[in-house]
Amino acid sequence: MTDNSAPLLAQILCSSVRSVARSPSPIDVAIVGSGPAGITSAIEIAKAGYSVVIFEAGPFLLSAHVGSMPFRSRDDLTPKLHEMVRYKTAWLDPSEVSDTKPPMLSNDAWSVVGGRSIFWGGCTPRFASWDFDDWPISAEDMAPYYRRAERLMHVSGNCETRPPFFQGATQDRVLAKLRGDGISASHARLGLDTQVPKNGHVPRGFDCAIDRLVRSGLLSKDVTRERITLVPNAPVDEVVAEERARGLVVSDPAIDRRYKISARHVVLAGGAVQSTRLALASGLDRLHPSVGNYIADHLFVQGLFKLKEPLDAPIYAFVDPTPERPFHVQVQGPFDETWYSPYHATVWLDCEQSGSYLLIYCFGVGEPAEDHKLVLRESSSDAPGELGNYYVLAERTEKELATLQEMEAFLPVLADSMGAECIRSQVNPAGAALHEIGGLRMAASPRDGAVDPSGHFHEIENLSVADAAAWPSQGSANSYLTIVAWSLCHADEVIKRLGRA
């Protein structure tokens, strides 16, 4: 079945819900979500010889990261791309909940093939070793998956053949000054290929899930072993599961019909919030009292520094977190005066050498408190299907408020070390960082969490979570690299279980 309203590339690469439902071939693994978690897992599982189908609620928009496109710096175009796939959500303090009026939709979310990986900002350090202290797996356990993730993502700045994107005398001078003042700082590690063109290798730009999937050669319009079938515009309404997962109920909005899709194994990979929402909508909170709770997001403070003396080249410095300082700072510039916008996550590609301002992003560790939870409601957002029928209830904890104060107080100290003045700062509301975790908490024991250390539900062995919904906590680093590494770990266990079944 061909959807003539779909982009031509989508017609070549993608399938419809109807064609998958009518396929005579069995589905080994059904994955909900086509972001970095879903696609990373899908590629590994298909390479192991299994048939995989990815269901994505959003449309096929781009085949690569917006920063790898020729219109990346077009302020008149990039916001329009976002608006095509963006919808509004709500993160609320308990005082903002009302029985008489719907919650104010103040935060952003995206529903699109590739997920946020087509828009993400690019900064991709690892979590620090102490960030895993309350995980049921250690930093040492994660190390080989980090190495695999950095290779497949072509992360820059972690080996000689992949040098930092920003380098040179100016960058070195800034880093040396910060270190001399006792502030640990390093080159920003980016999910951006900096290998030189040589022997058939052409740099691949920003890492992006859909780009990796298209390059893999595994896409097939038909369900078949060792291949991946991608189905956009296909919101999943329910996971069908009792003692075992049986499959999914998937909507086809084009013809207003729902299909029951059977699969040997089901993977939730829609992002922490959407994986949690789907679990609650499917009644999976019966499995453990933690389902839906312990949600967190990065604490996010942004600032603007004015330089006292101009720089002679652009910089992108990363101020490292410490066990005593649970936040990091990204310093980018120089620019003419500017400010954060989710539409311009790659603004640092367009530094202005004559500019006088540095853009500051400061991310801190959020606390996944038990009463930070997702609440289902009747949908009134502009999200497709049932994606918008929730709000996140998250009152800032005392620990979070103290960290935010530390973050704000640190910015003038950092500015002074850099020969600048902090002329503006802002604490952003809960959920604004878009680095959510939790909701399907993992633990070694079924008493303490919903899923095990590989992301599989303790009570349903063929249902698993590939994304940050499983994480019991987060580091200050952007979640992207750790999501990819965690997805590789998850996929290895899925493959083992399929082999035993």
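**Helices, sheets and contacts in a predicted model**

Biologist: Let's start with T403: where is this residue found?

Modeller: T403 is found in helix α9, and here helices (H or I, at least four residues) and strands (E, at least two) are DSSP runs, numbered from the N terminus. This is a predicted model, in which local features need pLDDT of at least 70 and side-chain atom pairs count only at pLDDT 80 or more, while totals for chains, interfaces and linings use all residues. Residues are numbered from 1 along each chain as its sequence is written, and side-chain values use heavy atoms, with hydrogens and water left out.

Biologist: Does T403 count as buried or exposed?

Modeller: T403 counts as buried, because its relative accessibility is 6%, where buried means under 20% relative accessible area, exposed over 50% and partly exposed in between (1.4 Å probe, protein chains only).

Biologist: And what is T403 in contact with, leaving aside its neighbours within four places in sequence?

Modeller: With those neighbours set aside, T403 is in contact with L299, P326 and F327, contact meaning heavy atoms within 4.5 Å.

Biologist: Which strands does helix α9 lie across?

Modeller: Helix α9, residues 398-417, lies across β12, β13, β14 (327-335), β15 and β18, and runs at about 15 degrees to β12. For such angles, axes are lines fitted to C-alpha atoms, for helices over the stretch in contact, and the values run from 0 to 180 degrees between N-to-C directions.

Biologist: How about the sheet itself, in what order do the six strands come?

Modeller: The six strands form an open, antiparallel sheet in the order β6-β13-β14-β15-β12-β18, two strands being paired if DSSP finds at least two bridges between them. At its edges are β6 (185-187) and β18 (420-427), each of which pairs on one side only. On average, and with direction ignored, neighbouring strands of this sheet are turned by 25 degrees against each other.

Biologist: Over how many bridges do β12 and β15 pair?

Modeller: Strand β12 (residues 299-307) and strand β15 (residues 357-364) pair in the antiparallel sense over eight bridges, and F305 stands opposite L358 in β15.

Biologist: Where does helix α6 lie?

Modeller: Helix α6, residues 169-180, lies across β6 and β13 (315-319), with a direction at about 160 degrees to β6.

Biologist: Changing topic to the parallel sheet, in what order do its five strands come?

Modeller: That open sheet has the order β7-β2-β1-β11-β19, with parallel pairing, and its edge strands, β7 (228-231) and β19 (463-465), each pair on one side only. Its neighbouring strands are turned by 20 degrees against each other on average, direction ignored. Strand β2 (residues 52-55) pairs with β7 in the parallel sense over four bridges, and V53 has T229 as its bridge partner in β7.

Biologist: Which strands does α3 lie across?

Modeller: Helix α3 lies across β1 (29-32), β2 and β7, running at about 170 degrees to β2. The axes of α3 (residues 36-47) and α10 also come within 8 Å and cross at roughly 40 degrees. Among the residues that meet there are P36, T40 and E44 in α3, and Y480, V484 and L488 in α10.

Biologist: By class, how do the residues of the contact of α3 with α10 divide?

Modeller: They divide into 11 nonpolar, four polar and one charged, where Ala, Val, Leu, Ile, Met, Phe, Trp, Tyr, Cys and Pro count as nonpolar, Asp, Glu, Lys and Arg as charged, and the others, Gly among them, as polar.

Biologist: At what angle do α5 and α10 pack?

Modeller: Helix α5 (residues 139-153) and helix α10 (residues 480-500) pack at about 115 degrees, with their axes 8 Å apart, and α5 and α10 are therefore roughly perpendicular to each other. Under the convention used, angles under 35 degrees count as roughly parallel, over 145 as roughly antiparallel, 65 to 115 as roughly perpendicular and the rest as oblique.

Biologist: Which residues does Y480 touch, not counting residues up to four places away in sequence?

Modeller: Y480 touches P36, S117, W120, M153, D207, C208, A209 and R212. Y480 and S117 are 363 residues apart in sequence, but 8.3 Å apart in space, C-alpha to C-alpha. Y480 counts as buried, because its relative accessibility is 6%.

Biologist: Last one, how many of the 10 residues of helix α8 are buried?

Modeller: Nine of the 10 residues of α8 (residues 272-281) are buried, so this helix is largely enclosed by the rest of the structure. Helix α8 is followed by G283, whose phi is positive, near 75 degrees.
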